[in-house]
Amino acid sequence: MASAISFSDANAGFQAGIINGSANVVFNAPPERLETPPNPSVVIPFSRDTDFVERGTILDQIHRKCAVSGSRTALVGLGGVGKSQLAIEYAYRTRDRSSETWVFWVHASNAGRFEQSFRDIADRVKIFERQNPTANIFQLVHDWLSDDGRKWVLILDNVDDAGFLVTTQNTDQDGQTNSTGSVEVRPLVEYLPQCPNGSILITTRSKSAALKLVEQRNIIAVEPMDRADGLALFEKKLGWHDDGGDIVELTTALEFMPLAIVQAAAYISQRMPRYSIQQYLQDFQKSDRKRTSLLNHPGEQLRRDREAKNSIIITWQISFDHIREIRPSAADLLSLMSFFDRQGIPEALLRSQDEQRNSQQDQKESNDDSPTNNDTYYSNDDEDDTAQSSLSDGFEEDVLALRNYSFISVNTDGTTFEMHGLVQLATREWLKAHKQQERWKQQFIRNLNKELPTGEYENWVTCQALFPHAQSAAAQRPEEEDSLRDWALILYKAAWYAWQMGKWVEAEKMSVQAMKVFTRILGREHKNTLNSMIMVGLVYKLRGRWDAAEKLEVEVMETYERLGADDPDTLTSMANLASTYRYQGRWDAAEELDLQVVETSKKKLGADHPSTLICMNNLAATYRDQGRWDAAEELDLQVMETRKKKLSADHPSTLTSMASLALTYTNQGRWNVAEELFVQVIETSKKKLSADHPDTLTSMANLASMYRNQGRWDAAEELEVQVMETSKKKLGADHPDTLTSMNNLAVTYGKQGRWDAAEELFVQVMETRKKKLGADHPDTLTSIANLAFTWKGTGRETEAIRIMEECVRSRQRVLGVNHPNTLSSCMALATWKAEQDDVVFISPKG
């Protein structure tokens with residue numbers, strides 16, 4: 001016979017002998033006693049931060065939105081951007097404003113911590129029946145919050161995955177997940193009251209998670225700090241004010257991310273006085289490896305959840321892992337984007353064109369090998385509209401996923417993206433740790449090489465947009481040989497553009513790297529190798545390293561001559577070498593080569609071919625250096641008119657020919673027409689190139705020279721000072737063009753009678769030219785002649801005659817007896833000697 005045993009309310013245990021049947025046992029806990037409810041308070045696990053920085057109007061926005069009855073507001077932003085810190089400060093300010101308002105903190109990273117937070121709330125406010133094991137703790141807290149007599153704010157922190165809140169879970173009677181014998185319970189989100197006496201503030205890294213809980217209009221995007229706030233936070237955490245520029249530079253390098261700033265401040269403070277801001281900055285700038293090491297240093301953060309990592313790198317990598325789980329293709333897209341420059345990442349380089357199917361032969365010029373590619377792409381091929389639409393939708397969903405986590409943003413043009421540089425670093429480090437870095441680096445290089453054109457004028461708009469990504473690629477040399485070939489092509493094309501833009505430091509570094517790679521993997525005589533050698537020679541020449549340029553150009557010319565004397569590449573190499581001879585003052589050698597190139601180019605390519613026109617322009621420059629003004633003018637006019645017709649009036653090549661003609665007019669004394677051309681060239685160059693472009697500066701210097709010859713010395717001085725200062729910044733104090741600008745300014749000072757200022761500059765220029773160019777270089781001889789004129793003007797006639805005699809002898813030997821410069825110095829020397837002979841000395845009477 002079955003027996004049922006029940007105990008009274010006073011019993012709390014169970015005792016029995018032998019039972020021959022089932023027992024229905026009901027346990028009754030001791031009855032809860034009604035407790036005195038506490039006064040409202042702030043129930044959060046963090047103390048207030050006395051170093052809190054206001055951060056503009058964000059707190060005001062939070063207050064306004066949360067002041068609305070029954071409101072739900074979300075703070076959305078990258079991990080480490082300071083969302084929880086804002087919520088903590090808001091909690092304490094709410095308490096300051098309203099002492100009768102409860103503020104509760106709920107850890108909402110997962111269901112277990114969410115439940116524990118609700119139990120903590122129930123214990124704090126002493127909800128009746130909270131200790132009953134069969135009670136629904138969520139319902140109890142919900143009902144308590146729904147009481148109209150209470151004001152409250154609920155802060156749900158770290159809701160990065162809202163799935164556990166909005167989905168229905170199967171649980172057993174004890175509230176544990178169970179696949180058998182389970183009952184269905186309401187989604188947890190339904191236990192968050194929407195009532196007029198309370199508001200909810202959510203912090204999350206995921207916009208998609210926020211949208212499951214709040215309306216779009218109630219999302220507040222939390223961005224990195226602005227410059228002033230970032231500096232203020234850094235100084236507060238350091239504990240002292242720093243007037244130096246290092247703290248500004250370091251805060252900028254940390255991209256004004258609060259967690260990164262706090263990490264750095266803690267690292268520095270712990271090591272003072274044996275460590276400084278400057279040392280941290282130097283270490284941070286050394287390499288990706290060192291940056292990662294510093295940013296991985298956890299430090300101690302008193303106001304971060306125990307589950308939140310104090311390293312900003314790890315914080316972001318956790319989000320990256322989550323994206324890989326929910327949308328692997330979005331993680332792949334982020335992996336690819338991490339190798340670009342952080343700004344202006346073009347959509348076209350992310351949507352690979354037709355899986356490289358026909359691109360390799362085109363993009364690699366004469367390279368034969370085409371690397372296979374098994375990666376996933378977003379193709380623009382329109383062979384299958386349905387597939388295309390699906391791929392496009394996939395790309396957009398990937399972009400949306402990354403935007404939702406604030407990993408990327410879309411620029412106003414709608415076609416380019418941005419990333420935080422530190423996010424890129426964190427992503428690359430994750431890829432490195434998981435042995436995927438090389439795969440995505442090679443994909444980045446393939447895509448960029450396909451889209452990056454050469455540096456001709458017609459491609460400048462595209463080159464300008466892609467040049468920062470080429471600079472990024474330059475710092476990421478791949479290991480695999482086919483990818484290395486693509487990498488070298490990127491550097492060659494980018495160097496071409498940098499050379500055109502007057503960015504000679506970048507051009508030299510890139511072209512030399514490309515030349516070394518091509519030489520190693522293709523050989524010294526391969527066309528790509530020779531092209532890169534030509535580019536290096538051009539850069540060397542413009543940087544005043546003429547002997548190094550000549551050595552390369554002679555090698556290239558001799559290699560191409562084996563292909564035939566009239567081959568276009570041979571002619572180009574001859575023209576480059578002639579240009580170097582001209583810079584070296586070896587004008588007869590330059591003329592010989594120039595004439596040969598012009599005649600052959602006319603026969604092979606035609607009189608109006610761009611290459612022929614370049615050769616004619618070079619020959620005109622040689623004639624001008626030789627003082628053959630009429631011959632130079634004839635060629636200059638012909639080239640200018642042809643370029644206007646074939647290219648355009650504002651094409652850089654047309655501007656070059658206009659400037660050449662204006663210079664010839666100046667030498668002929670035709671100043672009005674020269675000035676008109678110079679002004680036109682300068683204004684157009686400023687618009688098409690830049691105010692500090694070498695071609696613009698050259699035209700300004702030439703115009704100033706003409707003003708000086710006209711006696712318009714103040715106008716000349718104004719231009720020459722501008723040119724000199726800009727040249728010093730762009731090129732360096734000892735660059736040949738800078739020395740020319742200093743020499744020109746000194747000449748103007750002499751014309752103005754400012755002999756001391758003129759002498760100081762002339763001596764500086766002369767000594768530097770002797771070291772850089774040699775004692776017999778035409779420019780050095782010009783400096784000597786100018787110094788002689790200066791000494792003559794200050795009454796130091798004997799010294800002036802002595803160095804002018806030296807100058808005449810050197811010019812006769814180097815330039816020839818009939819060169820205009822030689823004749824000019826001879827005439828000046830003869831005049832000075834005659835003046836000296838005319839002096840009559842009268843002896844004093846005894």
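Trainee: How many strands form the open sheet, and in what order?

Mentor: Strands of a sheet pair through backbone hydrogen bonds, either parallel or antiparallel. In this predicted model, three strands form an open sheet in the order 9-11-10, with antiparallel pairing. Strand 9 (345-346) and strand 10 (408-410) are the edge strands, each pairing on one side only. Strands here are DSSP runs (E, at least two residues; helices are H or I, at least four), numbered from the N terminus, and two strands pair if DSSP finds at least two bridges between them.

Trainee: Which residue of strand 11 is the bridge partner of I408?

Mentor: That is M419. Strand 10 and strand 11 (residues 416-419) pair over three bridges.

Trainee: How do helix 18 and helix 19 pack?

Mentor: Two packed helices are described by the angle between their axes and the distance between the axes. Helix 18 (residues 437-451) and helix 19 (residues 460-474) pack at about 150 degrees, axes 11 Å apart. Axes are lines fitted to C-alpha atoms over the stretch in contact, with angles from 0 to 180 degrees between N-to-C directions. The two helices are therefore roughly antiparallel (angles over 145 degrees).

Trainee: Where is confidence lowest and highest?

Mentor: Where pLDDT is low, the predicted coordinates should not be read in detail. pLDDT is the predictor's confidence in each residue, from 0 to 100. Helix 15 (residues 359-363) is lowest, at a mean of 37, and strand 2 (residues 72-76) highest, at 96. The chain averages 83.

Trainee: Which rules sit behind these values?

Mentor: Local features need pLDDT of at least 70, side-chain atom pairs count only at pLDDT 80 or more, and totals for chains, interfaces and linings use all residues. Residues are numbered from 1 along each chain as its sequence is written, and side-chain values use heavy atoms, leaving out hydrogens and water.

Notes:
Angles under 35 degrees count as roughly parallel, over 145 as roughly antiparallel, 65 to 115 as roughly perpendicular and the rest as oblique.
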